[in-house]
Amino acid sequence: MKKPTFENLTNFFLKNFFQGLLIIGPIGLTIFVIWSVITSIDNIIPSVARQIPGLVFISTLLITALLGYLGNKFVVGRFFVDSIDRLLEKTPGIKHIYSPTKDVMSSFVGDKKKFSDPVWVKTNENPEIWRIGFLTQREMADVHKDNFVAVYLPHSYAISGWVIVTEEKNIKPVVGMSAATAMKFAVSGGVAGFHSDENIFKAPE
């Protein structure tokens, strides 16, 4: 039996260390983000947070859900929300903050989500290259771009992205993936989404 060398022991330790880091890292980061959000909201009312940690956070969740329910289900609530919406969108200065924030949030959540139509986009002819994106505008005739569409292309491992305007012939609908799966596939750099781990290329050890 070959006696283990220092190099072999070091490689064995590093391999298992990074494997453990791969397990602990996502869990730790998730806990850290959640805890940061909870403590940040709790600190809105520090005196309450010190006596009953988490109460402000839970109250904020319940109040937000209640406002969403009242704003959608009752005429008075809908009128109140629409009135505030119109006021903020017409107030100088504030409208430049409120309107973009509202548009971005409504693109991801709510009944009018924008990123719900995944498509393949040809970004290069030779060699042929396709990227995955989300169709955001089916018609561009208002800006004199007939037969053109707007597509949002998310960046991998980031919350950013960019928009391209391309001819309609350069896009194809994504088949076999939901919008959520397509977003996961794009943001993860193609290593997560519609397939199993067996289909991912792995470098030889």
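Q: In which loop is the place of Asn147?
A: In this predicted model, Asn147 has a positive phi of about 65° although it is not a glycine. Its relative accessible area is 59%, and because exposed means over 50%, Asn147 counts as exposed. The residue is placed in the loop between β2 and β3.

Q: What is the relative accessibility of His144, and is the residue buried or exposed?
A: His144 lies in the loop between β2 and β3 (148–154). Although not a glycine, His144 has a positive phi of about 60°. The cut-off for exposed is over 50%, so His144 is exposed, with a relative accessibility of 73%.

Q: Asp42 is buried yet has no salt bridge; how far away is the nearest side chain of opposite charge?
A: Asp42 is found in helix α1 (residues 6–42). A salt bridge requires a side-chain nitrogen of Lys or Arg within 4 Å of a carboxyl oxygen. For Asp42, the nearest side chain of opposite charge is that of Arg50, at a distance of 11 Å.

Q: Which backbone nitrogen does the side chain of Asp42 reach?
A: Leaving aside residues up to four places away in sequence, Asp42 touches Ala49, Pro53, Gly54, Leu55, Val56 and Phe57. The side chain of Asp42 comes to 2.6 Å from a backbone nitrogen, that of Gly54.

Q: What is the helix content of residues 12–38 and of residues 50–70?
A: An unreviewed UniProt entry annotates both spans as "transmembrane region". The end C-alpha atoms lie 39 Å apart for residues 12–38 and 31 Å apart for residues 50–70. Strand content is 0% in residues 12–38 and 0% in residues 50–70. The helix content is 100% for residues 12–38 and 86% for residues 50–70.

Q: Why are the buried residues of α6 on the same side, and what arc do they cover?
A: In helix α6 (residues 179–187), Ala182, Met183, Phe185 and Ala186 are buried. They lie on the same side of α6 because the arc they cover around the axis is only 160°.

Q: What pattern does the protein chain follow along the sequence?
A: The secondary structure of the protein chain comes to six helices and five strands. Read along the sequence, these elements follow the pattern α-α-α-α-α-β-β-β-β-β-α.

Key: Residues are numbered from 1 along each chain as its sequence is written. This is a predicted model: local features need pLDDT of at least 70, side-chain atom pairs count only at pLDDT 80 or more; totals for chains, interfaces and linings use all residues. Side-chain values use heavy atoms; hydrogens and water are left out. Helices (H or I, at least four residues) and strands (E, at least two) are DSSP runs, numbered from the N terminus. Buried means under 20% relative accessible area, exposed over 50%, partly exposed in between (1.4 Å probe, protein chains only). Lys and Arg count as positive and Asp and Glu as negative; His and the chain ends are not counted. A polar contact is a pair of N or O atoms within 3.5 Å; within protein, one must be able to donate a hydrogen and the other to accept it, and residues adjacent in sequence count only if both atoms are side-chain atoms. Contact means heavy atoms within 4.5 Å. UniProt positions are given in the numbering used here, feature names are shortened, and annotations may be inferred rather than shown by experiment. The arc is that of the directions from the helix axis to the C-beta atoms.
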